Every structure is written in C-alpha cells, then in structure tokens.
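Have the sequence and the 3D view open as you read.

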Amino acid sequence: MNISALTLNLKLYSTNLFAYFRKVLFAKIQGEKELEKLCKISDAIKEEFRQLNIYGDDSKPFRPHLTLAKLSKVKWNKDFKKHVRSLN
C-alpha cells in the first residue's frame, strides 16, 4: 500500500487537551474519517515493517493522538502547572 497516498488531504481535528500522568501533553483526534485514515496509515506502516522483519507483535491497541509537548522539557511556572492539573 502506498503510505504517502494515504496522507494526502489528511486534516486532524481536536477539541480537548490531555496530560498523561503530567508527563505528556496531547490532543485526542476527532472525526470518524480522520480516525479511519490514521488507522489505515498505521496498518500500512505495520505491514511494511513486518515485510522488512523489523516489527514485532503489537498487542496494544492503536490510539490516534497528537503529542504536543513532553512536559518534562517544559519550563514550568505556576499558571502552566494549574492548567495541566485541570486537564485530568
């Protein structure tokens, strides 16, 4: 499967931000068509890796998201800490 063809006209939408254990700031992807495209891209990449014998079993489900920041690298201030705490 041509992976680059799958990424044409890919638009990602999100309405919420989340913090994973206050370590990673991420956005969940919204929209059924976009999620379908991301799952197809993931499947195509996994298949390419399998064919090259560089991909093992992946027992975790694919959860499309957009990582925005690694919070351990962010310069913390009081206001930012309050916002991150309010996300969860």
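Predicted model: local features only at pLDDT ≥ 70, side-chain atom pairs only at ≥ 80, totals over all residues.

Residues are numbered from 1 along each chain as its sequence is written, and side-chain values use heavy atoms, leaving out hydrogens and water.

Let's start with the sheet. It's an open one, with 3 strands in the order β1-β2-β3 and antiparallel pairing. β1 and β3 sit at the edges, each pairing on one side only. From one strand to the next, the twist averages 30 degrees. (Strands are DSSP runs of E with at least two residues; they pair if DSSP finds at least two bridges between them.) Between β1 and β2 there are 4 bridges, and Ala-19 has Leu-25 in β2 as its bridge partner.

Asn-16 is in the loop between α1 (3-7) and β1, while Leu-17 lies in β1 itself. Partly exposed means between 20% (buried is under that) and 50% (exposed is over that) relative accessible area, with a 1.4 Å probe and protein chains only.

| Residue | Relative accessible area | Class |
|---|---|---|
| Asn-16 | 39% | partly exposed |
| Leu-17 | 41% | partly exposed |

Beyond its neighbours within four places in sequence, Asn-16 contacts Phe-26, Ala-27 and Lys-28 (heavy atoms within 4.5 Å). Asn-16 and Phe-26 are 10 residues apart in sequence, with their C-alpha atoms 8.6 Å apart.

How values were computed
Axes fitted to C-alpha atoms, helices over the stretch in contact; angles between N-to-C directions.
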